[in-house]
Amino acid sequence: MDTSRNEILIGALGQEKISNKNVCIVGVGGVGGYVAHMLARAGVGKITIIDFDKVSSSNINRQLVASVDTIGKSKVEVLKKQLENINTEIIVKAIDQKLTKENILSLICEKYDIVVDAIDSVEDKVALIVFCKKNGVQIISAMGAGNRYMIPRFYLTDIYKTHDDGLAKIVRKKLREEGVDSLDVVTCEDKAVKTGEKTIGSISYFPAMCGITISAVIINKFLEGEL
């Protein structure tokens, strides 16, 4: 991949740091798909993607894996091809499975520089966070990005400092019960809209901005030697 524009900003040494990193992304829908794309375009050398879902028509409004041609296909397989078309040197490991408390040990088995939690299910999300925290694995988690359409204002913080984020509130309570006292998360300043619907609404740019913010945090941590 041509990284010349990257290197104008971060230099050859910075680019080398990024290319030597190994990242795992769990959940590759609206948020996780953008994380994968941004890291691949930045030149990350190895990415593992984990998701059990298939592309549906309702994904098209916000997910990079979703188009008319990919409906019904495995999200991780579609994404793997996309990433390899972006960077011919990247190593992508696609795992077409649902991560759960029962199989997490077999799925998170490599030495990753960081794990990205972009899971929708609260139970599985908490299981991944607890596992990583108890095993010394660096992790960053996406909080709520649904039921919002205003101009996104995402930022990095600790989960115990979040506010106006329904998902963070639920996860925070469960992590406290598990004895987890800190967690890097990307959350939004804007309150969710009450739609009256059980299904969470979404719009193209909101999950994207969450994923892009996570990617920016990770790349900066790589460059600064924090990961």
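**Helix packing, cores and local features of the predicted model**

In α1, residues I10, G14, K17 and I18 meet I219, F222 and L223 of α7. By class, the residues of this contact divide into five nonpolar, one polar and one charged. The model is predicted. Helix α1 spans residues 4-19, and helix α7 spans residues 205-223. Their axes lie 9 Å apart and pack at an angle of about 110°. Angles of 65 to 115 degrees count as roughly perpendicular. The two helices, α1 and α7, are therefore roughly perpendicular to each other.

Helix α7 also contains I218. This residue is buried, with a relative accessible area of 0%. I218 and I18 are 200 residues apart in sequence. In space, their C-alpha atoms are 9.7 Å apart. With neighbours within four places in sequence left aside, I218 is in contact with L39, I114, V116, I140 and L227.

The largest nonpolar core has 40 residues. Within this core, I25, L39 and I214 touch the most other members. Several elements give two or more residues to the core. The helices that do so are α2 (30-42), α3 (75-86) and α7. The strands are β1 (22-26), β2 (46-50), β4 (114-117), β5 (139-142) and β7 (184-188). Helix α7 supplies the largest share, seven residues. The contacts of I214 were listed without residues up to four places away in sequence. On that basis, I214 touches V31, V35, V116, I140, A142 and V186. V116 and I140 are also among the residues in contact with I218. Another core, of 26 residues, lies apart from the largest one. Among its members are V126, I129, F131 and V180.

The structure holds two aromatic pairs. One is formed by F154 and F206 and is edge-to-face. The ring centres of F154 and F206 are 5.5 Å apart, with 65° between the planes. Planes over 60 degrees apart count as edge-to-face, so the value of 65° places the pair in that class. This pair links distant parts of the chain. F154 belongs to strand β6 (residues 154-158), and F206 belongs to helix α7. The two residues are 52 residues apart. F154 is buried, at a relative accessible area of 13%. F206 also counts as buried, at 0% relative accessibility. Y205 and F206 form an aromatic pair as well, and this one is tilted. Here the distance is 6.2 Å centre to centre, and the angle between the planes is 45°. Y205 is partly exposed, with a relative accessible area of 32%. Together, F154, Y205 and F206 form one aromatic cluster.

N147 counts as buried, at 17% relative accessibility. The cut-off for buried is under 20%, so N147 falls within it. D164 is placed in the loop between β6 and α6 (166-177). At 39% relative accessibility, D164 counts as partly exposed.

A further loop residue is L64, located between β2 and α3. At 28% relative accessibility, L64 counts as partly exposed. With neighbours within four places in sequence left aside, L64 is in contact with G33, Y34, H37 and Q82. L64 and V23 are 41 residues apart along the chain. Their C-alpha atoms are separated by 19 Å.

Technical notes
Residues numbered from 1 in each chain as written. Predicted model: local features only at pLDDT ≥ 70, side-chain atom pairs only at ≥ 80, totals over all residues. Heavy atoms only, no water. Axes fitted to C-alpha atoms, helices over the stretch in contact; angles between N-to-C directions. Helix = DSSP H or I, 4+ residues; strand = E, 2+ residues; numbered from the N terminus. Parallel < 35°, antiparallel > 145°, perpendicular 65-115°, else oblique. Contact = heavy atoms within 4.5 Å. Nonpolar A, V, L, I, M, F, W, Y, C, P; charged D, E, K, R; others polar. Phe/Tyr/Trp six-rings, centres within 6.5 Å; stacked < 30°, edge-to-face > 60°. Buried < 20%, exposed > 50% of the residue type's maximum accessible area, 1.4 Å probe, protein only. Core = buried A, V, L, I, M, F, W, Y, C linked by side-chain atoms within 4.5 Å.
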